Every structure is written in C-alpha cells, then in structure tokens.
Amino acid sequence: MSLLTLLPFIVLIGAMFLMTRSAKKKQQQAVDMRNQMQPGSGVRTIGGVYATVKEVHEDTVLVDAGPGVELLFAKNAIGAVLTDDEYNRIVHGVEHDLKSDADIVPDDASSLTGTDDSAAESGADDKAVDLGKKDAADEPAGDDAPADGTPAAEAKTDAEPKKTDGGSEAK
C-alpha cells in the first residue's frame, strides 16, 4: 500500500483526535467551574433556574431559589457559576454603574452654555425655524410673471402636480 491511499484515513483519524481533545477540554473546564462553587455563589442551572448556592456536597448542590424555596440539584445540572454583579443584574435587576462617580451630562446643551440673559438682551426671537425644503407652489411670488419670461398662468400650471390614470390612485 502506498502512502497516498492511507492519507485519507490519517486525516480522518487526526480530525477525530482534535475533536475529542476539544470536547475533553470543555468538559474539564465545566468540572473546574462546578468545583469552584461555594456557598453564596450565584448559579444558573441548565434548565434556566437562577439561585444562590447554600450547600455544596460531593455530587449535589443545595440552592436557595427564593424565600423558603430550597432545591437540590446534581452538580452536573449547574450550567454556569455567575459573578456577583452578573447575578444581581439578572435576578434583582440591579445595574452596577461604573460611571456613578463621573459627571452627569444633561440631555440638552442649555446648562453648558452661558446664561439665557444674553439672549433676552439681544432681542432674540423664540420662533421655530423651518429647515424643510419648500416646493415652488409654497414660495411667495412677488410678481405674477416668473423670471424666465413665461406667462404667470403657465407657471402656475407647471407647479401643480399632474394627474395620471395609473392604477395606484383610487378612482
């Protein structure tokens, strides 16, 4: 037999070895995580139950799922051991704010600028500014005749929308 005919089998065996190696590594990490549990740790079971560890035994874990609710789980049923911040965020809805010591920025910039006295002294208007695009029909016409020399009647008909017999309009 030549090496070329054995190559597919060697590649297949190598791939199987790598897959089992990564699966064993994940299993070992899960076992280490479960062994790190101690009373007071927040956990999530594989069924999605969030609880606090009360007692840890060799194969089982007694957890407190709420006031007066104690549950006994197999260690294998613990899906994740959570940090205190993560457990409080999920279970109690407490957000740990890292920026609590930072300055609070207001939603508007009025407090960042000077006092409003300067605007009142200068006689500034509080009118709303319309920044929208205006149509030709909305613009006030100073003259009846447009600047391009066409009669005023023709200019008005060009500004009006044209009607079509298309199927999109209601008839």
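Where is phenylalanine 9 found? Some friendly notes on the model follow, starting with that residue.

1. This is a predicted model, in which local features need pLDDT of at least 70 and side-chain atom pairs count only at pLDDT 80 or more, while totals for chains, interfaces and linings use all residues. Residues are numbered from 1 along each chain as its sequence is written, and side-chain values use heavy atoms, with hydrogens and water left out.

2. Phenylalanine 9 is found in helix H1; helices (H or I, at least four residues) and strands (E, at least two) are DSSP runs, numbered from the N terminus. Phenylalanine 9 counts as exposed because its relative accessibility is 56%; the classes are buried under 20% relative accessible area, exposed over 50%, and partly exposed in between (1.4 Å probe, protein chains only).

3. Together with Leu3, Leu6 and Ile10, Phe9 forms a nonpolar patch on the surface, with about 430 Å² of accessible area together. Patches are made of residues with over 30% relative accessible area and no salt bridge, with like charges joined within 9 Å and nonpolar side chains (Val, Leu, Ile, Met, Phe, Trp, Tyr) within 5 Å. A salt bridge here is a side-chain nitrogen of Lys or Arg within 4 Å of a carboxyl oxygen of Asp or Glu. The areas come from the Shrake-Rupley method with a 1.4 Å probe, and for residues only the protein chains shown count as cover.

4. Serine 41 sits in the loop between helix H1 (3-35) and strand S1 (42-45). Serine 41 counts as buried because its relative accessibility is 12%. Its side chain reaches the backbone oxygen of glutamine 38 at 3.0 Å. Leaving aside residues up to four places away in sequence, serine 41 touches Ala51, Thr52, Val53 and Val81 (contact means heavy atoms within 4.5 Å).

5. Valine 43 belongs to strand S1 and is buried, since its relative accessible area is 0%. Not counting residues up to four places away in sequence, its contacts include Met37, Val63, Ile78 and Tyr87. The C-alpha atoms of valine 43 and alanine 65 are separated by 9.9 Å, with the two residues 22 apart along the chain.

6. Now the hairpins. Strands S2 (residues 50-56) and S3 (residues 60-66) pair in the antiparallel sense over four bridges (two strands pair if DSSP finds at least two bridges between them), and three residues lie between them in the hairpin. Threonine 52 has aspartate 64 in S3 as its bridge partner.

7. S3 also runs antiparallel to strand S4 (residues 69-74), joined by six bridges, and glycine 66 stands opposite valine 69 in S4. This hairpin has two residues between its strands, and glycine 68 in the turn has a positive phi of about 80 degrees.

Notes
Polar contact = N/O pair within 3.5 Å; in protein donor to acceptor, adjacent residues only side chain to side chain.
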